[in-house]
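Here are my notes on the two-chain model you asked about. Please read them beside the structure.

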Amino acid sequence: MAEGFRLRVCFRKAGRLRYLSHLETGRAWERAARRAGLPYAVTQGYNPRMKVAFGPALPVGTAGMREYLDITLTRFVPVAQVQEGLGASIAEELAPVECGYVSPAEPSLASRLTIAEYEVELERGVPPQELERSLDALMRTGGFETEHKGKQKFFDLAVALPKEPEVMSDAGRAAVRMWVRMGPHGSLRPETFMSAAIGPGRPVAVTRTELFIEDEQGWIRPL
Amino acid sequence: MNDVWERVEPLLRQVERPARYVDREWGVVRRPDAGYHVALMYPDTYEVGMANQALQVLAARLSTLDDVACERVFIPWVDMSAAMRAHEVPLFTLESCTPVAEMDILGITLPNELTYTNVLEALDLAGIPLRAHDRGETHPLVVGGGPCSHNPEPMAAFFDAILVGDGEEALLEIVASHRASMAAGLSREESVRALAGIDGVYVPSLYLVGDDGVVRPVDDAPARVTRRVLADLDTYVSPTCPVVPYADVVHDRATVEVLRGCSRGCRFCQAGMVYRPVRERPADSIVRDAIASLRCTGYEELSLTSLSTADHSQLEEVLRRLANRLEGTGTAISVPSLRLDSFTVPLARLLGDGRKAGLTFAPEAGSQRLRDAINKNITEEEILTAVDQAFTAGWRRVKLYFMIGLPTETDEDVTAIAALVERVFAAARAATPPGERGGLRVAVSVSTFVPKAHTPFQWDGQLPIEEVRRRQVMLRQAMPRKGVELSFHDAGSSLLEAVLAKGGREAAAGVEAAWHAGAVFDAWSEHFSLARWTEALASAGIDAAAYAAEARDRHGALPWDHIDSGLSPAFLRAERERADRAETTADCTFGDCTGCGVCPGLGVDVVVAGGERRG
């Protein structure tokens, strides 16, 4: 039986700190929790460690607006107090967005979070109409093959993308909002999808804007 | 100040570990509007440089000055430097992403000889002329310091000034002097000359090498530059809010310096000679700074650092108090490189609580005769007792450091290392419950002796590389295989270290030629090429193999004679002679003064916090 108080933190990974790796981001959060003086639980054993678990990894260079971690506390601390403490103990670029408690029996974030929403910003010079046409053309093919670590991998778009991508345009700068399904066998990277649609090397910034839990009622936020 | 981030960022998508270059860590102090900008550089990657405690100490000291910004600089990895050159992005500081060339002063620590070409790489990437005499009025002053300042000659041409000794006070004096010169509108030459008036500062351009090899001042500069020593370490707090890296750096933990100096008197050890006398920090200060540092950084590990931490007269008290304060936080306490004879049962128990960090011992030599010759002052019984205590207390791995090629070493001394390791393994096994013996490991790391300036072995030559390799093979064959992980430092790197450690001013041309030929990151085995270095040194008229192997006249001139470390030459000579007779010399913090000359010469004294040390 899981014990303690399971605190869920929704945080950003933005600005220059989007160049952190998953491991680096995790370490930063563990240290922030120590600096904030949270009553974190530690694991038993030879090398006791903080009980903390993270959502799906965000690649180096990809920003995130609502990433998640769960940390087990040994006693209850009011949410507002936690958020203030953490906010004052971590770089602005990794700031906590929201905190809350979830049931200690809740399955892990990594297994529950299966939908990711991305915003892909493109360099100037890709007109929105042309982008729309390219995405439609790719979607109509139903899937595409790409090389990944020397191996050919086929992406079935009906499975990989739970929703049609949308083209947005802001002051002449084109962007794509897309939703990707994550599973135990990996997920389609937005960069891979975009290069299949419009050729390699075009995205300038990729941001994971939301993560969702998929269940009978639809997509729900973890907090 | 020009922020070049816009030009740096596009490069980050194509390089390994971009976290090295983005700044924004916890604890960063940013003062973009300061009137004076200091860049402090460690000449290796971010991961190695961020572990350097001296830079943290100096940054904390500079932060006490109004209107002064202190920024960090490291050497970009080869993928990043290639991208920077291709896109004409100059070397930049982390805090404000400003070109290093726009700083007022560039401080570079010289931790070891294998970083020398990295210094040139950095100057070139920054667009600063390599040689001090080629720099113009707008270039930052380039000031060196650190361990290698005790023989500064091979790097002298590349520095405007070099500080010898402790920097806590001297660096602030250097900054004050330079600011005063700037305010007075002095030229670069005049500003540099003014630095020579600060105790411990060597201005190479004011000295010439005579035909006799002696370095002499050209005018009124001091004949000898005397090492700076901070009399009382407790004058300043240990930095408690250092920058906390995101990247996985070498020693990723909170550190508190518990004492400086070591007078055990190992005859090969430069640090043990040039950081005298022993100055302990009191237990109250150590505990206060340790707790403050863990709180400010959020680290999960604390290291109590020094050359020989277990020698601290109040270490047990410190560990007991820290264990009480840190209970239940999952915080590990580590003590680097313990002395075998001070590893006691209570110490094993105190360090064994909580998380067990690695345990490292340095017997250095396998036979008692050779341990006596190098003045290690440890018996085999003490070694085996320490191992028994460690494994009884729950450790399952231990790392042992040895050296080959020490003066007076014979084949018997080399094979004695293997025999000792065998007995260590047996002692470890005996102290380990049968069910846990599978995870038992003894790691053995063997380096090659490098003669260093200001040590009793400074006149000795290094063993020729062929002979080093023969002894390595002999040791490998004699070493037990089961449970033992044996590794050797590259003999070629050690040869280069010897050349540069012994070298005079003429070696600068060799360093420059090696860098031009592509030498950089020489401490990284995948980048080191002995052939490239041998050729570069030859072009400067130096036969590397012969130079490293040459033994010097114990009464003749040495390239570092103008650097006064406080040690008396008579003491060093007497110690060298005692080595030949395998006679040991006791540590003055436990017994009588050994007459090394440091305390009277530099006007300082040994500081023992608990009043007494127990041997």
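1. Ground rules. This is a predicted model, where local features need pLDDT of at least 70, side-chain atom pairs count only at pLDDT 80 or more, and totals for chains, interfaces and linings use all residues. Residues are numbered from 1 along each chain as its sequence is written, chains are lettered from A and ligands numbered from 1 in the order in which they are written, and side-chain values use heavy atoms, with hydrogens and water left out.

2. Extent of the contact. Chain A gives 25 residues and chain B gives 31 residues (contact: heavy atoms within 4.5 Å). The two chains bury about 2500 Å² between them, with 51% of it on carbon and sulfur atoms. Buried area here is the accessible area (1.4 Å probe) that two parts lose on being put together, summed over both. In chain A, R16(A), Y19(A) and R31(A) lose the most area to chain B, together 33% of what that side buries.

3. Seven salt bridges link chain A and chain B (a side-chain nitrogen of Lys or Arg within 4 Å of a carboxyl oxygen of Asp or Glu). R31(A) makes a salt bridge with D252(B), and their closest N and O atoms are 2.9 Å apart.

4. The parallel sheet. In chain B, four strands form an open sheet in the order β15-β16-β17-β18, with parallel pairing (strands are DSSP runs of E, at least two residues; two pair if DSSP finds at least two bridges between them). β15 (360-364) and β18 (484-488) of chain B are at the edges with a single partner strand each, so one side of each has no neighbour in the sheet. Neighbouring strands are turned by 20° against each other on average, direction ignored (axes are lines fitted to C-alpha atoms). Eight bridges join β16 (residues 397-404) of chain B to β17 (residues 441-448) of chain B. In β17(B), V446(B) is the bridge partner of F402(B).

5. Which strands are at the edges of the six-strand sheet of chain B? The order is β2-β1-β3-β4-β5-β6 (chain B), an open sheet with mixed pairing. β2 (68-73) and β6 (201-202) of chain B are the edge strands, each pairing on one side only. β5 (residues 161-163) of chain B pairs with β6(B) in the antiparallel sense over two bridges. I162(B) stands opposite Y202(B) in β6(B).

Conventions: Axes fitted to C-alpha atoms, helices over the stretch in contact; angles between N-to-C directions.
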